[in-house]
Amino acid sequence: MKLALGPIQYYWPRETTFKFYEAVARTPVDIVYLGETVCSRRHELRLADWLEIADRLAAAGKQPVLSTLVLIESGLDLTTLRRIIDNGRYAVEANDIGAVHALGGAPFIAGPHLNIYNTPTLELFAGLGATRWVMPLEMGREGLAQILQDKPAGLETEVFAYGRMPLAFSARCFTARHHNLPKDNCQFSCINDADGLLLKTRENSDFLVINGIQTQSAKVCNLVDELAAMQAMGVNVVRLSPQAQHNERIIEIFDRVRHGQMGPAEALAALQEWMPDQPCNGYWNGKPGLDQIEQALQFGDI
């Protein structure tokens with residue numbers, strides 16, 4: 001089973017981003033997704049910068065993948081999309097059906113926002129050139145198992161296994177709204193929130209995180225104790241989503257679990273120290289996403 005690091009969902013300064021990927025190059029991740037997927041107004045890095053980072057990661061033995069925007073809203077977005085597709089060096093993760101059509105049958109990774117919930121839809125995307133698909137975050141273990149029984153031959157499967165879950169995207173910028181700014185003059189205020197803005201309920205419970213036009217879960221999806229089950233099901237890749245701190249420690253724990261060097265219970269306890277909020281695994285277990293379902297301990301974890 002391979003480890004993938006998803007695209008950075010937040011708006012980090014250019015120097016911070018370059019230093020982050022310098023550290024990533026020294027970790028045991030196999031695949032690294034790069035690029036802006038949330039907001040086209042974010043401009044700290046251009047495509048040339050992402051390609052430079054990709055070259056460095058490839059030299060370190062990683063497999064870079066260029067990710068596209070989830071919402072394509074303008075002609076400039078389309079121009080950038082075509083430049084990503086025509087990069088000539090690295091695979092592309094399509095997060096919008098427009099990106100799939102623009103690829104014109106070229107191989108691509110079907111991102112988690114393409115809403116692939118059944119086998120016929122998966123077959124459709126495979127026919128359009130998908131070589132790997134990322135399971136939607138709301139899909140659970142049972143739904144995935146059913147799809148994997150009849151998935152197209154040779155198509156890899158990837159599961160989002162760690163991080164705050166990207167739940168929804170909007171044409172409106174929630175961060176700008178929070179600061180009483182219009183979207184067209186947002187002053188790029190989301191660069192001040194390295195892990196997004198936490199939103200609490202009236203009862204003072206952590207509920208959501210706003211990140212520009214994106215809404216995330218406040219709790220952190222954590223499926224480290226499910227890696228063995230995923231591998232037995234036929235999952236090829238698990239995805240970890242970057243956060244502002246402690247990424248190297250989190251990657252190390254997942255790497256040790258996939259190689260049988262750490263038990264699931266020990267890993268759950270270890271990750272608790274490095275997570276920005278409480279864990280959740282509800283979607284995976286067919287429950288509300290913010291729930292944390294305690295699994296029965298395996299004999300080797302006692």
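Reader: Is Glu-226 buried or exposed?

Author: Buried means under 20% relative accessible area, exposed over 50%, and partly exposed in between (1.4 Å probe, protein chains only). Glu-226 counts as buried because its relative accessibility is 7%. Please keep in mind that this is a predicted model, where local features need pLDDT of at least 70, side-chain atom pairs count only at pLDDT 80 or more, and totals for chains, interfaces and linings use all residues. Residues are numbered from 1 along each chain as its sequence is written, and side-chain values use heavy atoms, leaving out hydrogens and water.

Reader: Where does Glu-226 lie, and which residues does Glu-226 touch?

Author: Contact means heavy atoms within 4.5 Å. Not counting residues up to four places away in sequence, Glu-226 touches Arg-141, Trp-284 and Gln-295. Glu-226 sits in the loop between β10 (214-222) and α8 (227-233); helices (H or I, at least four residues) and strands (E, at least two) are DSSP runs, numbered from the N terminus.

Reader: Happy with that! Which residues of helix α6 are buried, and why do they line one face?

Author: An α-helix has 3.6 residues a turn, so residues three or four places apart point the same way. In α6 (residues 141-149), the buried residues are Leu-144, Ile-147 and Leu-148. Seen down the axis of α6, these fall within an arc of 100°, so they line one face of the helix; the arc is that of the directions from the helix axis to the C-beta atoms.

Reader: What do the buried residues of α6 pack against, and which residues are exposed on the other side?

Author: The buried residues pack against α5 (119-127), β6 (130-134), β7 (156-169) and α8. On the other side of α6, Glu-142, Gln-146 and Gln-149 are exposed.
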